[in-house]
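Here is a short tour for anyone meeting this structure for the first time. Have a look at the model, then read on for a few of its features.

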Amino acid sequence: MLFRGWLVRRTLSTVAMLLLAILSLEWIPASALAQTLMDRKCTGKSDIPDDQQILGCSEAIRSRAFAGKDLAVAFSNRGRAYLDKGDLDHAIADYDQAIAVDASSAAPFYGRGATYFAKKENDHAIEDLTKALALDPNSALAYNGRGSVHAAKGDLDRAIADFDSAIRLDAKAAYAFNGRGVAYQARGDLDRAIADFDQALLLDPNLAIAANNRGKAYQAKGDIDRAIADFGLATSLNPAYAEAYSNRGGAYQIEGDNDRAIADYDAAIRIDPNYARAYDSRGSLYGNKGDQDRAIADYDQAIRLDPGLAHAYANRGSVNTDKQDYDHALTDLDQAIRLDPGSAQAYYNRGVVYSIKKDYDRAIADYDQAIRLQPQFPIALNNRGLAYFGKNEIDRAMADYSEAIRLNPRFPVAFNNRGTAFARKKDYARAIADYTEAYRLDPNYAKALFRRGVVRRLNGDAAGGDADIAAAKKIDSSLIE
């Protein structure tokens, strides 16, 4: 049994979301308000389009009419415009110039830190944001920015401490409550996360990112209806919010509402045709529906757009396994593991392929790793049991089936498999009990009923065995004695 997941972006992969928060804020030193810079449309403020800012600031710099702090502000403001446009190298160059002209201002250190964050150069980002705080210890923005970087690095305690400082300095800082909520969510403290997202939305009812994040927290709690409502709120606040559409698609997919899920994934891709994760998510839905060609087309596109997207390789490997194209499946799953060695799903899926190829030792090694990474993984335990059974190590197989059942007492396949292990050991009473429970949990589980019939015959109950086998064949006529 393959495990193929759709992609709802995980909490610590929300660097882009945190970045949206940090970049939506403006830190404008007082000297930036000089009338001459304002006249040239070099203000560092978002009400003037970025291209006009760049032209205006460039004209101011070339004019040589500005020196000292004012020249530094012109470079800093142009750097911010480049950053908004995603031209990170030019932004860094401008912030470097601003700092070279005037190293006493916190603003360019803050801007350069935000740019390094966008470049995923987190250590440089923290260094610059720390310098900004040394120059301006009362900057809630800089604490928020540094907290975002710590969260992206997985240093959640430091992240929360920085968000606490930002909130202490500015109790109305909705962006800081949102950031702290993301950190709490990453730490697994979903109730605190939701409380922070609530506060962020109370302070700024138009903060779509907080609605989206709260939706993810509710989804993590299993409250899918609230999650869908919050993702819908995010899209209503920002109709161009591709990620919120994709996340709502994932929530609909969990509920089995495939038509709405497809519509949301389609919307995300229309808004952002380069959104690799939306293709990956839509591919997972097609894969789960058995539409293998469409699934592979979406995974191919996701990988073209983002060759580092391990999840898409893992999912494509699953579909290639379904298509019995095991060599390509292994190639994809190897790549998924190279890109993300912490992916329990990828190890599990590769273990499935090795099991199908009867390479049980490699299968067991992969299931071992999947279980180390995700100890609460009953499907992996069940499948490792099957691999041990294939090696005729019946006691080890039974131990894995029993642990899978302990983790998920409503797992009919594990009961069926343990029943077969008991039958192999000629413990027919326990085998019959396990087959009975498997059939009780899934009344359409013909194989479990059929095997119970066979074991009943072996145990001397010919009439009961015949009745089970006949009933099983009515469910699945392909069963052969």
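## Getting started

Helices (H or I, at least four residues) and strands (E, at least two) are DSSP runs, numbered from the N terminus.

What you see is a predicted model, where local features need pLDDT of at least 70 and side-chain atom pairs count only at pLDDT 80 or more, while totals for chains, interfaces and linings use all residues. Residues are numbered from 1 along each chain as its sequence is written, and side-chain values use heavy atoms, with hydrogens and water left out.

For accessibility, buried means under 20% relative accessible area, exposed over 50%, and partly exposed in between (1.4 Å probe, protein chains only). At 63% relative accessibility, Lys 426 counts as exposed.

Lys 41 also has a positive phi, near 60°, in a residue other than glycine. You'll find Lys 41 in the loop between H2 and H3, and with 41% relative accessibility it counts as partly exposed.

## A disulfide

A disulfide here is a pair of cysteine sulfur atoms within 2.5 Å. How many disulfides does a search of the whole structure find? It finds one, and that disulfide joins Cys 42 to Cys 57, with 2.0 Å from S to S. The torsion about the S-S bond of Cys 42 and Cys 57 is about 100°, so the disulfide is right-handed.

Cys 42 belongs to the loop between helix H2 (35–39) and helix H3 (50–63), and Cys 57 to helix H3, so the pair ties together parts that are 15 residues apart in sequence. Both Cys 42 and Cys 57 are buried.

## An aromatic cluster

Rings of Phe, Tyr and Trp (its six-membered ring) pair if their centres lie within 6.5 Å; planes under 30 degrees apart count as stacked, over 60 as edge-to-face and the rest as tilted. By this rule there are two aromatic pairs. In one of them, the ring centres of Tyr 348 and Tyr 367 are 5.8 Å apart and the planes are at 45°, so the pair is tilted. This pair links distant parts of the chain, with Tyr 348 in helix H20 (residues 344–356) and Tyr 367 in helix H21 (residues 360–373), 19 residues apart. Tyr 348 and Tyr 367 are both buried.

Tyr 348 also forms a tilted aromatic pair with Phe 377, at 5.3 Å centre to centre and 35° between the planes. Since Tyr 348 lies in helix H20 and Phe 377 in the loop between H21 and helix H22 (378–390), the pair ties together parts that are 29 residues apart in sequence. Like Tyr 348, Phe 377 is buried. Put together, Tyr 348, Tyr 367 and Phe 377 form one aromatic cluster.

## A pocket and a cavity

On a 1 Å grid over the protein atoms alone, a cavity is a set of points where a 1.4 Å probe fits but cannot get out, and a pocket is an open set with protein on both sides within 12 Å along at least five of seven lines; lining residues have an atom within 4 Å of a point. Grid points are joined across faces, edges and corners, and a volume is the space filled by probe spheres set on the points. The second largest pocket has a volume of about 350 Å³. Its lining has 21 residues, with Asn 382, Asn 383, Leu 386, Val 413 and Asn 417 nearest the centre. Which helix gives the most to the lining of the second largest pocket? That is H22, with six residues.

The search of the whole structure also finds two cavities of 30 Å³ or more. The second largest cavity has a volume of about 50 Å³, and its lining includes Gly 44, Lys 45 and Asp 84. H4 gives the most to this lining, with four residues.

## An enclosed helix

In H6, 12 of the 13 residues are buried, so this helix is largely enclosed by the rest of the structure. Among the buried residues of H6 are Phe 109, Tyr 110 and Arg 112.
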